[in-house]
Amino acid sequence: MKTNDVILQTVTTVTVFIILTFAAYLFFAGHHDPGGGFIGGLMIASALILLYLAFDIELIHKGLPFDYKLLMGVGMALSLLTGIGAIVLQHPFLSHTFEYVDFPFFGEIELATSVLFELGVTLAVVGATLTIILSISEDV
Amino acid sequence: MSWLHIFILLPFLFAVIIPVLYKKFPKIHTGWFVLAAPAGIFAYLLSYIPMVAGGETTMYSLPWIPSLDIHFSLYVDGLGLIFALLITGIGSLVVFYSIYYLSKVREALHNFYVYLMMFMGAMLGLVLSDNLIVLYLFWELTSISSFLLIAYWYARRQSRYGAQKSMLITVFGGFAMLAAIIMFYIMGNTFSIRELLSQADQLVQHDLFIATMILLLLGAFTKSAQFPFHIWLPDAMEAPTPVSAYLHSATMVKAGIYLVARFTPIFGGTMEWFWIVTAVGLITLFWGSLLAVKQRDLKALLAFSTISQLGLIMSLLGMGSAALYYGGGETSQLHSAAILAAVFHLVNHSTFKGSLFMVVGIVDHETGTRDLRKLGGLMSIMPITFTIAIIGSLSMAGLPPFNGFLSKELFFTGTLNAASLDIFNMETYGALIPIVAWVASVFTFVYSLILVFKTFLGKFQPERLEKEAHEAPWGMLLPPLVLSVLVIGIFFVPNVLADYALEPMMASILPPLEGQFDIYIEAWHGFVPELFMTIGIVVIGLLLYLTLKKWLWLYNNMPRAMTITNAYNSGLKRMESGSRKITDLHMTGFVRDYLRYIFVLLIMIVGASLFLLDGFSFEVSNVAPINLYEMILAAVLVGAAAMVVLTRSRLTAVIGVGVLGYIVALFFVVLRAPDLALTQLAIETVSVALYLLCFYHLPRLRQRDEGDGLNVMNLVIALAVGTLVTLIALSANGHRMFPAISDFYEGGYELAGASNMVNAILADFRAFDTLLEIFVLAIAGLGVYSLIKLRLARRASDENQ
């Protein structure tokens, strides 16, 4: 019997963007408010899992042709490189810095190297979570 | 590095190049090259004789590990030099003998000579080393090379058994000796034997003195095959005969004698040393000679004879140590005769026992058997061998005109002197010493006669021999001939030997008496008790030999189960089965049992330290007030935990765990940790989903919904662990000695530009932890991926097949 999950799929298409937006908010808010790279990554992962639940794996794979293992490696490399970058500039490993820059139109915005580090964390978390879940789902 | 160092290390150098020579010159017997090493060292060592005979000693030091007081220092005095000369002299003869004994074609000669050179170098290092650690190193090296030599024909089961037995026993003693060496260092703060000897007076006072003595003697007794550790020597006779002649009669078994002699200046003069060394020596002497009579294998007979003679030397060293009690003067000189007898017999034994082993080797080589029951009547076929044999055995029996006579007379003098001692409770047991010694000597006489007469006299039985018997080649006869000449030569000019060798040796063993020795050995010294004892031995011994058939059956009545070898074998078996039982008992293979061990140990160790170190401390002054939310959440938490434990269904348990996780998230909310609460919610959801997945796929066969029954022991352990952790948490709170360092992180906005303190710590202040944690997560991800993918790949390949 083929089930008809049109409601689920419709709701998902809308909801995923809300979740992704919230995840982006959590990621960027982390510096000053609750949130951060780890929980942001988990939120992104949960949005993607919702897509996988509502649609076919092949279909999602066409739209999001990521190799999540690669994503995991990229995330780890990014975090590691922010630390190595500090060594290149003759600071101790993983020293971070921040600066307030006045952008046109956006106004004053804080730019911090720790955000790059957090981005690496996020990518690694998304990659690891989805690797685990997709591996298990393929096994069943 | 002195020349002496180079010569001591020469055998090791030879051991390295022997395999090359063996391969490069296959036509020439490798032994010819090897011969250069012992002969060269012997010649070099001879140059020290005048110096040592003049009462001087020298020391060459070479730093090895100076920070640990370990130096490769060589000390040349009478004792060390004579031992070294024996090692190299008999070593040369044995190498020469082995050239004719071992076939170039059939035997793995490179192995043999490498082991032999290793052994020779180790033995030289042992007797000349002044540093105890270096001495121990060489000591173990002799054990190892002896092990290799005994198992030279490793295809034979008996060889392997003998090698293992000797290894276990000598290494056991070696470890005991190592403990003694460490105790020496504790007592005297040095590893140098010289310096220890100079502190002998203080060492006697030390608490560890007796313990050190016993451990040291364990090492010496195991190496020198003293009762009850003698059992390895007869089984070591599986080695090739040159090895038996060299290691198990002349050199290695005397390492223990050397050790006892070397430490006599420290321990001598005490009652414990006197009694232990003397008694063990006498028992060994008696027991060895008693058992030698019943042996049917020539080498086994010689093995027990060696044991017995080593016991004789050991007991003499024990009796002579009484001389140190008096510390000089006439009484000391009287008792120093025993030391003279010991060192004299040591040299004599090396000569006649070496030649006898070589004779047995010749008989074995030329007739194909060593069994006394098959041998006989070889006198006319092997006249030279017979001559050598009769010289050796009569010297062993203690008859003139051979050197054994002189040392046996001196031995009786020593026992009679010891019996007349009025110290160390001697008046009670002293009279036993000469009696035991005399009886043992009678048996010595009997087995010496058996050795010669059963082999060479009687009826010739060619049909029972494996080969056609004929005289040995000259190369094989020459080494025992040289030793026989020495046996007779020493009898006629004993005082040359005494001046150049025995007196310096005695000076090393009894340093307080140095220069006071009045050594004059003579074959005839009137009608004294010693002479009558010897005549008695000859008369009774002859009678016993002639009536041998009438009483030899007595040996068969000795119960086999009572023997020490039997005790060793069954002890080894019992140790193996016992340790297997212990292992089987606790290594059950069940994880639940191992967890129990871990928890019980945790309770015992942590709980004990909490009680014993008075770790309880309950501080209530800095406790925060409890509000209603926390109480409600705690109640739900306890309920959920109880549900997980008590439920009979897995699904309920999983849901209970989920409840626990969400309550913890709520606690984080209440305790104002929003980041933690967010993460906890997400992670809990994921893990509950994974649990459900796992339980859904549990195999049907083992699916049991009823849950586990109540296990009282588990309940007790769990309660104890819970109580313990609670107590520790409460105590830790009471022990808060320093203010927290969190003040620093309140400057997070200025330092890291982040007002979210948690995030500033995670991404900035302590980002290293975070970095490694994402690595952990990634490794977990890859682990799951590879576990599943590899299994899928294997399943696919199985299906393809």
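**Ground rules**

I number residues from 1 along each chain as its sequence is written, and I letter chains from A and number ligands from 1 in the order in which they are written. In this predicted model, local features need pLDDT of at least 70, side-chain atom pairs count only at pLDDT 80 or more, and totals for chains, interfaces and linings use all residues; side-chain values use heavy atoms, with hydrogens and water left out.

**Confidence**

I looked up the scores before anything else. The model has ipTM 0.91 and pTM 0.80. I then turned to pLDDT, the predictor's confidence in each residue, from 0 to 100. Chain A averages 85, and 97% of its residues score at least 70. Chain B also averages 85, with 96% of residues at 70 or above. Where in chain A is confidence lowest? I found it in strand 1 of chain A, with a mean of 74. Helix 1 (residues 6–29) of chain A has the highest, at 90. My helices (H or I, at least four residues) and strands (E, at least two) are DSSP runs, numbered from the N terminus.

**Where the chains meet**

I counted contacts, meaning heavy atoms within 4.5 Å. In chain A, 36 residues are in contact with 38 residues of chain B. The two chains bury about 3300 Å² between them, 73% of it on carbon and sulfur atoms. Buried area here is the accessible area (1.4 Å probe) that two parts lose on being put together, summed over both.

Which elements of chain A each supply at least two residues of the side that touches chain B? I listed helix 2 (37–54), helix 4 (68–88), strand 1 (98–103) and helix 5 (113–139). Helix 5 of chain A gives the largest share, 13 residues. By type, this side of chain A divides into 20 nonpolar, ten polar and six charged residues. I count Ala, Val, Leu, Ile, Met, Phe, Trp, Tyr, Cys and Pro as nonpolar, Asp, Glu, Lys and Arg as charged, and the others, Gly among them, as polar.

Next I checked polar contacts. Each is a pair of N or O atoms within 3.5 Å; within protein, one must be able to donate a hydrogen and the other to accept it, and residues adjacent in sequence count only if both atoms are side-chain atoms. Nine residue pairs across the interface qualify, both residues at pLDDT 80 or more.

**Salt bridges**

I used this rule: a side-chain nitrogen of Lys or Arg within 4 Å of a carboxyl oxygen of Asp or Glu. How many salt bridges lie between chain A and chain B? The count is zero.

**UniProt records**

I read these with care: positions are in the numbering used here, feature names are shortened, and annotations may be inferred rather than shown by experiment. For chain A, an unreviewed UniProt entry lists transmembrane regions at residues 7–29, 35–55, 67–91 and 111–136. In the model, residues 67–91 of chain A are 84% helix and 0% strand, with end C-alpha atoms 34 Å apart. Residues 111–136 of chain A are 92% helix and 8% strand, and their end C-alpha atoms lie 39 Å apart.

The peptide bond from F227(B) to P228(B) is cis, with omega near -5°. P228(B) is in the loop between helix 10 (209–223) and helix 11 of chain B.
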